[in-house]
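Open the model in your viewer and show it as a cartoon.

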Amino acid sequence: MFDRGLIGAAVMVAALLTASGGAQAFDQTRYPDLRGEWRRAPDTAVRVVQPRGAVFDPSKAWGPAQQPPLIPQYQARFETNLADLAAGGQGIGETYTCVSPGMPRVTNAYGETEFVVTPNTTHILVENIRDSRRIFTDGRDWPAHIDPSLLGYSIGKWIDTDGDGKFDVLEAETRGFMGPRAFDSSGIPLHDDNQTVVKERMYLAKNQPNRLLLEVSVVDHALTRPWSVLKSYRRQADAQPLWPESVCGEGNNHVQIGKENYMISGDGLLMPTKRGQQPPDLKYFTRSSK
């Protein structure tokens, strides 16, 4: 198992060593100190307070209590999704098949998070499925073509808001998505056209160096207006934190066949996940005659 802390350090060292000789050396002290392991606040334990997983708006409870500003078509889809979850289904998104939750759900900080700042890229490393992100801060423009992905393509810039010569805010914008994606585990949907734009502002709380604030605003055609929330991360006190490995495929007993999800039971047999669920088509298997 790789030590993610060492990986982060290696990324930083490599960036410093490869800087061109004529360029100004990368000065880490000009950036906020984001070292260590971060988890969402107020809960910092591995097991979270929310019984159904991290929510998009941390000021509200899971599911309908999130009160997402959805247009009627997508509100109906959300309600259908909640009914499917209640019946034992998996709903929108395919994280149960070890597919990344994508943006903006990865901002919910459901796993151990590490920030690695380099001269041209800020890395946000999340130990879960395939959730780690790159925010390019090298001044590039949006490319003419973006290969769609669940995490999208992020461009940002560090800002010195108070003029003291040090950067204190990272602003970022993410585009170029594919789906399906949801805001959180309750299945709040994003539009099928995948024209989502996610804007972020990240900064340390004033006089609270162990509290990181993240403003997230989502523009999406499934919404009646941009949905903006404030998230809070807390730095773990351990100076040498553990970075447990998460291998989604290990022990995963979900089986997706077509559009249906089944499970492998303890005795190794295929079983339904919902009451009345029909078995898959077995036409390619020889049926024993009695």
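Start at the loop between β7 and β8 (208-219), where you will find Asn-207. Keep in mind that this model is predicted. Asn-207 is not a glycine, yet its phi is positive, about 60°. Most residues other than glycine have a negative phi. Is Asn-207 buried or exposed? Asn-207 counts as exposed, with 72% relative accessibility.

Next, select Ala-109, in the loop between α2 and β2. Ala-109 also has a positive phi, near 55°. But Ala-109 is buried: its relative accessible area is 2%.

Stay in the loop between α2 (72-86) and β2 (113-117) and pick Pro-104. The peptide bond from Met-103 to Pro-104 is cis, with omega near 5°. Most peptide bonds are trans. Now jump to Pro-180, in the loop between β6 (169-175) and β7 (197-205). Gly-179 and Pro-180 are joined by a cis peptide bond too, with omega about 5°.

Move on to a sheet. Three strands make an open, antiparallel sheet in the order β10-β11-β12. Colour β10 (254-257) and β12 (270-271): these strands stand at the edges, each with a single partner strand, so one side of each has no neighbour in the sheet. Then select β11 (residues 260-264), which pairs with β12 over two bridges. Which residue of β12 is the bridge partner of Ile-264? Leu-270 is that partner.

Finally, zoom out. The chain has two helices and 12 strands. Of its 290 residues, 42% are buried. The chain exposes about 16400 Å², and carbon and sulfur atoms supply 53% of that area.

Definitions and conventions
Residues numbered from 1 in each chain as written. Predicted model: local features only at pLDDT ≥ 70, side-chain atom pairs only at ≥ 80, totals over all residues. Heavy atoms only, no water. Pairing = 2+ DSSP bridges. Helix = DSSP H or I, 4+ residues; strand = E, 2+ residues; numbered from the N terminus. Buried < 20%, exposed > 50% of the residue type's maximum accessible area, 1.4 Å probe, protein only. Areas by Shrake-Rupley, 256 points an atom, 1.4 Å probe, with all protein chains shown as cover.
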